[in-house]
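Hi there,

Here is the structure I promised to pass on.

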Amino acid sequence: MHIEQLKLRNFRNYDGLEMEFNNKINVIIGENAQGKTNLMEAIYLLAFTKSHRTPREKELIQWEKEYAKIEGRITKRNQSFPLEIVLSAKGKKAKLNRLEQKRLSDYIGALNVVMFAPEDLTLVKGAPQIRRRFIDMELGQIQPRYIYHLGQYQKILKQRNHLLKQLQRGKSQDHTMLQVITDQLVEHAATLLERRFVFLELLRKWASPIHHGISRELERLEIKYSPTIEVSEDDNKEKIESIYLNKFQQIQEKEIERGTSLIGPHRDDLLFYVNGKDVQTYGSQGQQRTTALSVKLAEIELIYNEVGEYPILLLDDVLSELDDYRQSHLLHTIQGKVQTFVSTTSVDGINHETLNKAELFRVRNGEVEK
């Protein structure tokens, strides 16, 4: 899988841009605030229909312009087809092979992307929502139906929290409606949890040996899922639903008192252990970075095994954050099999044979030249 061509119109600091890419390594060089990351963001958005940097889509549209458009031509399974995202005040349109997709779950998965940016180094030590977002984005790529259940869960959760707030303030006494909404929430919550467990098993399968290799066989990585209910990864959906319903019944008064939902996938977390110790709490910065790198490299192999093709890899200003050994391990791993985009202020100090075959693009103030 690779992206042959990218076209931008009124996107961030690009008035209009058309680029063609090497199907191996593409290096985007430029000073900060010139538009390197904007190019990465455009490719990411083409895959996920949303930015990794901001939830406010109007920020992506140039000032005083009515719309922004991102177009790409993709080669996947030896077939070439166009993708298109249009952002405007009226909303967002996603086209796959020139046909508008009414549901995002019908679009996501057409282009598989793995991004590794400096903020991903906080995957281990950052807040739980960073790890939940990681699960949701990666799982959504290989199982687009997951996106549907996640969207339904978030919509019903919002309704439930609103009702709990009304009950807390005495503006409602409708406990029957609370039970109805809870039943709806639990159905999607159990589906999300069941699929996250399957995803985690796949992630472990790839991340553990990769981490063992990067650490020169000195460390063993374990990844555990930390749910808000007492549930096992072996439990089926019906069992998970039953556990959720019982727990919600037990904590109903506490939830009304707090005015919010206290359990569910939106409060779960991922835990990382190296040689039996919690990396977030006790790991060195080097161990935290090795863990994050291992997880990102595992994503690439996981997607390949689930989809049948390697995803596109975006390395946004991350090489300079890694030491020579981890940098070399990363570049050696992707060599020759993954179309990769590397953004950097300079290639000085990045000495690796992989970059010798790269296509170089220089960015300056929203203009790109080879």
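**The sheet and its aromatic contacts**

In this predicted model, six strands form an open sheet with mixed pairing, in the order β8-β12-β13-β3-β14-β15. β8 (113-116) and β15 (367-369) are the edge strands; each has a single partner, so one side of each is left without a neighbour in the sheet. From one strand to the next, the twist averages 20 degrees.

Inside the sheet, β3 (residues 25-29) runs parallel to β13 (residues 340-344), and five bridges join the two. I28 faces S343 of β13 across this pairing. Helix α9 (residues 285-307) packs on the sheet, where it touches β8 and β12 (312-316), and its direction is at about 170 degrees to that of β8.

Now for the rings: a search of the whole structure turned up seven aromatic pairs. One of them joins F21 and F341, with centres 4.8 Å apart and planes at 90 degrees, so this pair is edge-to-face. F21 sits in the loop between β2 (14-20) and β3, while F341 belongs to strand β13, 320 residues apart. F21 is buried at 11% relative accessible area, and F341 is buried too, at 0%. Ring pairs also bring in F361, making a cluster with F21 and F341.

Y44 and F48 make a tilted pair, 4.5 Å between centres and 40 degrees between planes. Both are in helix α1 (residues 36-48), four residues apart, or about one turn.

Finally, two charges over rings: the charged end of R216 is 3.6 Å from the ring centre of Y325, and K224 lies over the face of Y273 at 4.8 Å from the ring centre.

Best wishes

Note on methods:
Residues numbered from 1 in each chain as written. Predicted model: local features only at pLDDT ≥ 70, side-chain atom pairs only at ≥ 80, totals over all residues. Heavy atoms only, no water. Pairing = 2+ DSSP bridges. Axes fitted to C-alpha atoms, helices over the stretch in contact; angles between N-to-C directions. Contact = heavy atoms within 4.5 Å. Phe/Tyr/Trp six-rings, centres within 6.5 Å; stacked < 30°, edge-to-face > 60°. Buried < 20%, exposed > 50% of the residue type's maximum accessible area, 1.4 Å probe, protein only. Lys NZ or Arg CZ within 6 Å of the ring centre and 35° of its normal.
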